[in-house]
Amino acid sequence: MAYGPKIIEHYENPRNVGTFGTQSEIKQRKDVGVGLVGAPECGDVMQLQIKVDQRGRIEDAKFKCFGCGSAIASSSLATEWIKGKTLDEAEEIRNTQIVEELSLPPVKIHCSVLAEDAIKAAIEDYRKKNGLPTHDHDHEHASA
Amino acid sequence: MVSPQTRRVNPDRDSRFRHLEPARGYAQAMFDPFASLGLERRFDLDAAAIQRAFAVRSADVHARDASEDERDSTLSEINRAKALIEHPESRADTLLLLLGGPTRETERSLPDGFLQEMMEVRQTMEEEIEAASESDARAVSDKWEVWAEARRAGHEARVAAMFREGCSSGDQPSRAALRAIRRELNAWRYIERMIEQLDGGRSGGL
């Protein structure tokens, strides 16, 4: 299978790998939201953390992904894209954009879905921690 | 970049991508590999019984007075049947679909706390492998393979018990029972993935 240069670059040099602290530290921190998602189809696990400033912008993001290179590249790209965005702006990122940017082959599109889900889950976690209204994304999963 | 308003594409739910993984899900539900091999439709089958059934069916096909095309077609079918039920995880997946259970795409749930546990285990495993010297790395990897094999055995035993219980009355298992089996199978897939990656290196490629 042929992969484009962007996906290979992100796979070999993933951006923003890591966490903002231990699990118990992160639980206490109200400025950090965590999204933990998985894909039962392939057994990949992805965790994405966002650090939000007082103006409601994502000032930093980290990820860890145990999965294939496409999942690693998708989450690496996602962390780059959400930095500097407001929560609402970050929530607008769609897996189709990741697919296009990385030229993901059709059999790896689920990796981009995982990254989109991780962003949404991290935003929801941040909102819950801070008593902000949360959005129901379930309707977006029911398509076609 | 495409417009942010572009509708999300999920290959598992979008008919344009449905043909990409025909081995899992839709097409499978229409083909009964147990019947094709002349086996009872159940999970508790040992490898020897499957191999025997395959050998008997293969011999039948070769002995049959049929055209080459017909023979090839039947052989292809029984090869496919064997491939689907040879591995216990695939056999469970196939049986669940034949019983009308949910696909991985429609029932994505996992046991409570499972993803968090997987994240922590994978993290610990990676740290230990990275910290080990070249000569010790294999031993560390082997240790985790033993761990994963034990988890695999646990999932297999639970799935076997769930199928036995669900099918014990001879009736169709309840929807709740079928969903519970899928949840167990979803967790099992993560363990299989871990074993594949331990066998194949860091992440199993792109």
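1. A friendly place to start is one pair of residues in chain A: A:Val34 has A:Gln49, in strand β2(A), as its bridge partner. Please keep in mind that this is a predicted model.

2. That pair belongs to a wider pairing. Strand β1 of chain A covers residues 32–39, and eight bridges join it to β2(A), the two running antiparallel. The strands β1(A) and β2(A) form a hairpin, with four residues lying between them.

3. On to the next neighbour of β2(A). Strand β3 of chain A, residues 58–66, is also antiparallel to β2(A), and eight bridges connect them. For a handy landmark, take A:Leu48, whose bridge partner in β3(A) is A:Phe63. Here too there is a hairpin: five residues separate β2(A) from β3(A), and A:Gly56 in the turn has a positive phi of about 85°.

4. How many residues of strand β2 of chain A are buried? Eight of the nine in this strand (residues 44–52) are, so β2(A) is largely enclosed by the rest of the structure. Buried here means under 20% relative accessible area.

5. Now over to chain B, and to the surface. B:Glu68, B:Asp69, B:Glu70 and B:Asp72 come together there as a patch of negative charge. One of them, B:Glu68, lies in helix α3 of chain B, which spans residues 68–86. Is B:Glu68 buried or exposed? B:Glu68 counts as exposed because its relative accessibility is 58%, and the cut-off for exposed is over 50%.

Key: Residues are numbered from 1 along each chain as its sequence is written. Chains are lettered from A and ligands numbered from 1 in the order in which they are written. This is a predicted model: local features need pLDDT of at least 70, side-chain atom pairs count only at pLDDT 80 or more; totals for chains, interfaces and linings use all residues. Side-chain values use heavy atoms; hydrogens and water are left out. Patches are made of residues with over 30% relative accessible area and no salt bridge: like charges are joined within 9 Å, nonpolar side chains (Val, Leu, Ile, Met, Phe, Trp, Tyr) within 5 Å. Accessible areas come from the Shrake-Rupley method with a 1.4 Å probe; for residues, only the protein chains shown count as cover. A salt bridge is a side-chain nitrogen of Lys or Arg within 4 Å of a carboxyl oxygen of Asp or Glu. Lys and Arg count as positive and Asp and Glu as negative; His and the chain ends are not counted. The place of a charge is taken as NZ of Lys, CZ of Arg, CG of Asp or CD of Glu. Buried means under 20% relative accessible area, exposed over 50%, partly exposed in between (1.4 Å probe, protein chains only). Two strands pair if DSSP finds at least two bridges between them.
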